[in-house]
Amino acid sequence: MSEQIWAALQAHRKATAGRPLMDLFADDPDRFDRFSARLEDMLLDYSKTSLDTTARDLLFDLVRATGVETLRDAMFAGEKINVTEDRAVLHTALRRAEDRPVTVDGRNVMPGVADTRARMARFATGLRSGEIAAVDGRPFTDVVNIGIGGSDLGPVMATLALAPYHDGPRLHYVSNVDGAHIADTLDGLDPARTLVIVASKTFTTIETMTNAQSAKRWMEATLGARAGQHFAAVSSATDRTAAFDIAPDRVFGFEDWVGGRYSVWGPIGLPVMIAVGPDHFEAFLRGGAEMDRHFQEAPLAENLPVLMAIVGIWHNNICGYPTRAVLPYDQRLLRLPAYLQQLDMESNGKRVARDGTPLDRSSGPVVWGEPGTNGQHAFYQLIHQGTEVVPCEFLVAAQAHEHDPAMAVHHTLLLSNCLAQSEALMRGRSYEEALAIVREKGLEDEEMQARHRVFPGNRPSTTLLYRVLDPLSLGRIIALYEHRVFVEGAIWGINSFDQWGVELGKELATAIQPLVEARLDMSGKDGSTAGLLGAVHDLRA
Ligand SMILES: O=P(O)(O)OC[C@H]1O[C@](O)(CO)[C@@H](O)[C@@H]1O
């Protein structure tokens with residue numbers, strides 16, 4: 001059934017490929033209303049894409065035929081849809097408002113979620129008030145979170161996004177095993193006033209544990225045997241946190257049904273809660289829970305995650321565009337593209353279906369991006385005039401946090417640029433228009449000059465507009481992207497919740513380590529790796 005729908009989509013694309021986007025608006029004055037959808041004060045505009053009602057209906061058929069809704073319900077019900085790890089996928093439980101039971105292996109997980117959240121809130125409040133103090137009784141001024149991947153990107157992204165709400169201790173993040181990261185971060189910090197959170201679901205990740213050991217040595221140099229009192233942990237491995245000398249009441253665990261890249265809603269979000277306080281963190285969770293309800297209840301035609309997903313499938317599988325750019329016109333979403341790279345590419349960068357058989361079409365696209373307007377002065381040249389078509393996803397708030405009237409021009413310019421970019425991508429500039437400009441300027445070699453100034457146009461984009469980047473909106477945005485990734489993965493029939501692709505490199509790094517430490521027999525290594533190791537040793541001699 002779904003193969004017929006894929007074929008119909010391809011045929012429809014073939015028949016309509018050259019149609020200018022501007023014509024779609026000319027043919028349908030209500031196109032904006034009919035190709036946009038809202039959740040409260042959040043608006044998704046996907047009218048500047050080549051989707052028409054025929055394509056959209058076929059894509060809805062595809063959603064139904066591939067069982068997206070059944071898989072969605074199975075996920076929310078706590079069924080073990082992560083088949084290779086035999087795990088439930090229940091990050092949604094972490095942000096759930098109502099305490100209706102959710103069971104995994106016959107056990108209601110909600111009391112545990114509520115209990116951990118209450119412990120986090122007590123700890124965060126204590127730190128913020130100074131009641132939980134450093135060993136000398138003074139309040140902690142700085143918190144360093146050590147983690148990587150899902151134990152870093154979510155809290156980093158959210159801390160930056162919620163900067164206007166940050167009234168707790170200063171936060172710092174260390175992720176890279178490169179000693180430069182921890183050295184530069186600790187430089188200037190006072191161990192006597194610093195709390196370190198070691199965030200690792202497994203408490204075995206080499207980067208995190210290496211950084212944690214270095215932080216501990218740094219702390220011990222000042223605090224000696226009391227260094228452990230300046231540590232907390234977010235981990236499921238309580239035996240390992242105890243061995244690291246972290247008191248059990250400072251360890252916040254989560255269960256195997258929360259994947260790393262989906263974990264910011266629970267204890268991995270502890271640094272965010274410390275920064276902005278439990279009330280704002282609750283609002284973030286509420287935003288996520290609102291999006292969950294919407295995803296479960298809204299009809300397909302109004303369902304934001306489904307709409308974003310079908311646009312993604314259309315661009316990737318039907319139009320053949322291999323990447324998508326995430327372009328927040330929101331400086332505080334600086335790390336959103338990096339966060340989404342893990343969310344999307346670790347979830348959907350897969351080449352086999354759930355049953356292990358090879359996929360016969362492409363899966364997750366390359367995700368990349370930077371905040372506007374900075375990107376405009378860097379890579380937008382390619383987006384407008386390059387040979388690759390890059391579908392763009394703009395995000396922008398209607399209102400800024402900077403209320404000083406003297407600052408108003410900033411947000412006006414930001415919005416103007418965002419809207420201008422999607423318009424320019426769609427509209428383009430014809431040769432005739434370019435020629436008129438060249439003539440007006442009185443340039444020589446008019447034809448050559450005009451050709452350089454042509455914009456092909458018809459380049460697709462979506463815009464996500466929200467009132468203001470507050471904790472609630474951020475929660476909605478992140479859950480929206482999570483569910484979009486879910487829907488796309490379900491359409492491709494893949495398991496979006498494992499990440500076997502990160503394993504081989506980790507194993508080989510462990511095997512190479514002795515060869516980096518000393519010049520040893522490299523006969524088992526390929527010529528390039530052996531050559532590079534030899535050069536490393538020469539350069540270090
Ligand atoms: O929290 P941990 O166990 O240290 O894992 C960190 C990250 O490593 C990965 O397992 C693989 O890169 C991610 O999925 C995860 O977010």
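Asp 245 sits in the loop between α11 (238-243) and β9 (251-252); helices (H or I, at least four residues) and strands (E, at least two) are DSSP runs, numbered from the N terminus. Its phi is near 70 degrees, a positive value in a residue other than glycine. Asp 245 has 13 other C-beta atoms within 10 Å, so Asp 245 is partly exposed. On that scale, a residue is buried if 20 or more other C-beta atoms lie within 10 Å of its own, exposed if 12 or fewer, and partly exposed in between, with C-beta atoms placed from the backbone.

Before going further, keep in mind that this is a predicted model: local features need pLDDT of at least 70, side-chain atom pairs count only at pLDDT 80 or more, and totals for chains, interfaces and linings use all residues. Residues are numbered from 1 along each chain as its sequence is written.

Asp 86 is another loop residue to look at, between α5 (68-76) and α6 (91-94). Its phi is near 50 degrees, again positive in a residue other than glycine. Asp 86 counts as exposed because 8 other C-beta atoms lie within 10 Å. Thr 373 lies in the loop between β11 (366-368) and α16 (380-385). Why pick out such spots? Because most residues other than glycine have a negative phi, and most peptide bonds are trans.

Now for the helices. Among the buried residues of α13 are Phe 281, Leu 285, Ala 289 and His 294.

How does α13 lie against α20? Their axes come within 7 Å and cross at roughly 40 degrees, where axes are lines fitted to C-alpha atoms, for helices over the stretch in contact, and angles run from 0 to 180 degrees between N-to-C directions. The two helices are therefore oblique to each other (under 35 degrees is roughly parallel, over 145 roughly antiparallel, 65 to 115 roughly perpendicular, and the rest oblique). Residues meeting there include Phe 284 and Met 291 in α13 and Leu 474 and His 483 in α20. By class, this contact has eleven nonpolar, six polar and four charged residues; Ala, Val, Leu, Ile, Met, Phe, Trp, Tyr, Cys and Pro count as nonpolar, Asp, Glu, Lys and Arg as charged, and the others, Gly among them, as polar.

Helix α20 (residues 471-492) also packs with α14 (residues 304-318), at an angle of about 50 degrees and with axes 8 Å apart. That makes α14 oblique to α20. The contact includes Met 308 and Gly 312 of α14 and Arg 484 and Val 487 of α20. Have a look at Arg 484, which counts as buried because it has 24 C-beta neighbours inside 10 Å. Leaving aside its neighbours within four places in sequence, Arg 484 is in contact with Pro 305, Met 308, Ala 309 and Gly 312 (contact means C-beta atoms, placed from the backbone, within 7 Å).

Finally, the axes of α4 (residues 53-65) and α14 come within 10 Å and cross at roughly 105 degrees, which makes α4 roughly perpendicular to α14. Leu 59 of α4 and Trp 314 of α14 are among the residues in this contact.

Methods:
Contact = placed C-beta atoms within 7 Å.
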